[in-house]
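Have the model open as you read.

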Amino acid sequence: MTASDSSKPPHSPAHPQQTATRLVTAGRDTKAQKGFVNPPVFHGSTVLYPTAEDLHAHRAEFTYGRHGTPTTRALQDVLMALEGPQCAGVGLAPSGAAAISTALLAVLKAGDHLLVCDNAYRPTRNFCNGILKRYGVETDYFDPLIGAGIAGLFKPNTRAVLLEAPGSQSFEMPDMRAIAAVAHQRGALVIDDNTWATPLFHRSLEQGVDISMQAGTKYYGGHSDIMFGTISANAKAWPLISEGIRLLGVCAGPDDVYLALRGVRTLSVRLAQHHHSGLEMARWLAARPEVARVLHPGLETDPGHAIWKRDFTGASGLFSIVLKSAPQTAVDTMLNTLTLFGMGFSWGGFESLAIPFDCSEYRTATKWAPGGPTLRLHIGLENVDDLKADLDRGFAALRAAH
C-alpha cells in the first residue's frame, strides 16, 4: 500500500481532477480576489444589508460573522472536495475537542445511550463521563476489535457509536464497515474521529460513517500554530450537525481558518512524506533490540494491517512503540537525551515528538498490558537518518541507565 492518491472527486466528465489538485484549486476565485492567489482574511461580525427589504427577507450571501465569511466558505469548499461526494457539509470549530463535543451534543439527548470504542481520545472520554453523564446520556465502552459483535451491546435507546481508527495511542484498528452496518440496522449514527489519516488517506464517510471529525490542529494546520476542528457529515446527519453548530454558537477564529486553509494546500505532499518516513522509522524500530513491539497498522505484522490496507490509502506519521522492560527513570533518561524528538502533546506538525503514555489508567472495556513502557512517536519532516541517529543516542542512554 502506498501513499499515492487513487480517489477522483468529480470535476468534469472529460477529466476528473485528482484530490491533490482539488486541494490546491478548490475555494479559490482569483477574479474576486483581485488576482491574489489566497483568499483574504475576513475579520468581522456585522454584515450590512443594502436595503430594508433585504434585511427583512434575510436576503444576503452572508448574514453574520459567526455563520460564515468568504474565508470560511473557501476552506469549507476545499474540505468538501477532500471528504468526497458523500459529504453534505463541513462545520468549523475552534479545536478538535470542540468538534467532538459539538457533534455529540448535536445528535444526543437526555435518555440516549452512546457506545464509544475503548481506545478513544482521552478528552472524548472525559466529555462523555462528565458533561454527557450530567445531561443524562449513558455511555458504554467497547473493545475496538469487536466488529459485528457490537450488536450485543445495543440497547433500544442506543443513538450513536463513536469510533477512532486507529486509536491515537494504542492503534487498534476497528472494522468500521462491520460496526457501521450493525449500527445502521438499529437506527444509530456512526461517528468517527478521523484525525490520524485525514480524508486524504481515509474517506470514512464512504466506509459507512455518518459524521467524521478532525482535529485540524494536527495535519490540516501542519505547523503546530493553530487550534482548529472540523465536523463533516453525510446528508442524513448534516441537518443535525448544522443545527447543533448554530444553536451552540460554535465558530472558528478567522486567522486560524486562514492558516488551516494555507495548510490544507500542502496536505498531500506533507502527508506523503509523513507516510513514507513513518513507515521507514517503524520498520527500523521493529528491528531494534530495545523494542518489543511497534504499534503501526501500516506494518504487515500489525494485527490491524488487513483492515488498514482495505480501507486506507496511506498512513500518517503517528504510531507507538512498546519498549522491553525498563524502569521509568531509564525511559526518562532516554527522552532527556533526544534532541530532534521533542516532548509535547499534540502532533501533526513538521516536527518529531515522543511522549510516554499509559492507557491502563482509563481503559474500562479492555485491559491495557503491553508488557513494557510505551512511547507515542510522531515522525515529522526531518531527514530519517537524522531521526534514527537521535533515537540511537536515546537508546544508548536507556541501556546505560538501565
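## A buried threonine, a sheet and a helix

T139 counts as buried because its relative accessibility is 15%, where buried means under 20% relative accessible area with a 1.4 Å probe, protein chains only. This is a predicted model, in which local features need pLDDT of at least 70 and side-chain atom pairs count only at pLDDT 80 or more, while totals for chains, interfaces and linings use all residues. Residues are numbered from 1 along each chain as its sequence is written, and side-chain values use heavy atoms, with hydrogens and water left out.

T139 sits in strand 3, residues 138-142; strands are DSSP runs of E of at least two residues and helices runs of H or I of at least four, numbered from the N terminus.

| Residue | Contact partner |
|---|---|
| T139 | L114 |
| T139 | V116 |
| T139 | C128 |

Four strands form an open, antiparallel sheet in the order 8-9-11-10, pairing being called when DSSP finds at least two bridges. Strand 8 (291-295) and strand 10 (353-357) are the edges; each has a single partner strand, so one side of each lacks a neighbour in the sheet. Between strand 9 and strand 11 there are five bridges, and S320 faces R376 of strand 11.

Helix 10 (residues 267-286) lies across strands 8, 9 and 11. Its buried residues include L271, H275 and L279.

Key
Contact = heavy atoms within 4.5 Å. Axes fitted to C-alpha atoms, helices over the stretch in contact; angles between N-to-C directions. Buried < 20%, exposed > 50% of the residue type's maximum accessible area, 1.4 Å probe, protein only. Lists of a residue's contacts leave out its neighbours within four places in sequence.
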